[in-house]
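Below is a short briefing on one protein structure. It starts with the terms and the basis of the model, then goes through the parts by topic.

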Amino acid sequence: MERWFNVGKIVNTHGIRGEVRVISRTDFPEKRYKKGNKLYIFRERDDEPIEVTVRSHRVHKSFDLLSFEGYDSINEVEPFKGAMLKVPESQLGELDEGEYYFHEIIGCTVVTEGGETIGAVTEILTPGANDVWVVRREDGSDVLIPYIEEVVIHVDPEQKTIVIRPMEGLLA
């Protein structure tokens, strides 16, 4: 059975020409929303997803705006509000060395090169130059780990472990 991965949530329409406003949950929006790519719309009341083809993508404020081939008006995309955009696992594709999908990193246990367990990755922030991994400690507090070579030494998605070299002040 095919596994599905969330790309984003359609939160509203935008304009009258069939654009939808999406809050993205994807690792690589520039790849996912490329013109011609297939996405699948999952609505609660439907048994089967609706396959759509990306016609256009642009960023507006903190949203991704998408339009789909064959959906040219607000009336045609209005029913998609609240729906999830997903892709099947078969569409994920290979990544370059040192690149990981969010689902591979979230849930990994983070340990120092000295063997001290820090906690587990609960989410990934994408503020700009590099990703930041949010690690929940056992006491419930969070520590932010920048995904940079100087800090992240080894990532093993199969074993769900990440080894880091803490920089001064990182774990304070």
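A residue is called buried at under 20% relative accessible area, exposed at over 50%, and partly exposed in between (1.4 Å probe, protein chains only). This is a predicted model, in which local features need pLDDT of at least 70 and side-chain atom pairs count only at pLDDT 80 or more, while totals for chains, interfaces and linings use all residues. Residues are numbered from 1 along each chain as its sequence is written, and side-chain values use heavy atoms, with hydrogens and water left out.

**Domains**

- The protein chain is split into domain 1 (4-90) and domain 2 (102-164); such bounds come from an automatic or database domain assignment.
- Between the C-alpha centres of domain 1 and domain 2 the distance is 30 Å.

- Strands (E, at least two residues) are DSSP runs numbered from the N terminus.
- In strand β6 (residues 84-88), five of the five residues are buried, so the strand is largely enclosed by the rest of the structure.
- Met 84, Lys 86 and Pro 88 point one way from β6, whereas Leu 85 and Val 87 point the other way.
- Two strands pair if DSSP finds at least two bridges between them.
- Strand β1 (residues 4-14) runs antiparallel to β6 and is joined to it by five bridges; Lys 9 stands opposite Met 84 of β6.
- Strand β3 (residues 38-42) also pairs with β6 in the antiparallel sense, over three bridges. Here Phe 42 has Met 84 as its bridge partner in β6.

**Charges over rings**

- A charge sits over a ring if NZ of Lys or CZ of Arg is within 6 Å of the ring centre and within 35 degrees of the ring normal.
- Lys 86 lies over the face of Phe 42, at 4.8 Å from the ring centre.
- The charged end of Arg 21 is placed over the ring of Phe 63, 5.1 Å from its centre.

**Aromatic pairs**

- Rings of Phe, Tyr and Trp (its six-membered ring) pair if their centres lie within 6.5 Å; planes under 30 degrees apart count as stacked, over 60 as edge-to-face and the rest as tilted.
- By this rule there are four aromatic pairs.
- Trp 133 and Tyr 147 are stacked, at 4.7 Å centre to centre and with 15 degrees between the planes.
- Trp 133 belongs to strand β9 (residues 132-136) and Tyr 147 to the loop between β10 and β11, so their pair ties together parts that are 14 residues apart in sequence.
- Trp 133 is buried at 3% relative accessibility, and Tyr 147 is partly exposed at 26%.
- Trp 4, Tyr 40 and Phe 42 are linked by ring pairs into a cluster.

**The six-stranded sheet**

- Six strands form an open sheet in the order β10-β9-β8-β7-β12-β11, with mixed pairing.
- β10 (142-146) and β11 (152-156) stand at the edges with a single partner strand each, so one side of each has no neighbour in the sheet.
- β7 and strand β12 (residues 161-164) run parallel and are joined by four bridges.

**Thr 109**

- Thr 109 lies in strand β7 (residues 109-112) and stands opposite Thr 161 in β12.
- Its relative accessibility of 31% makes Thr 109 partly exposed.
- Leaving aside neighbours within four places in sequence, Thr 109 is in contact (heavy atoms within 4.5 Å) with Thr 117, Gly 119, Ala 120, Lys 160, Thr 161 and Ile 162.
- Thr 109 and Glu 78 are 31 residues apart in sequence, and their C-alpha atoms are 41 Å apart in space.
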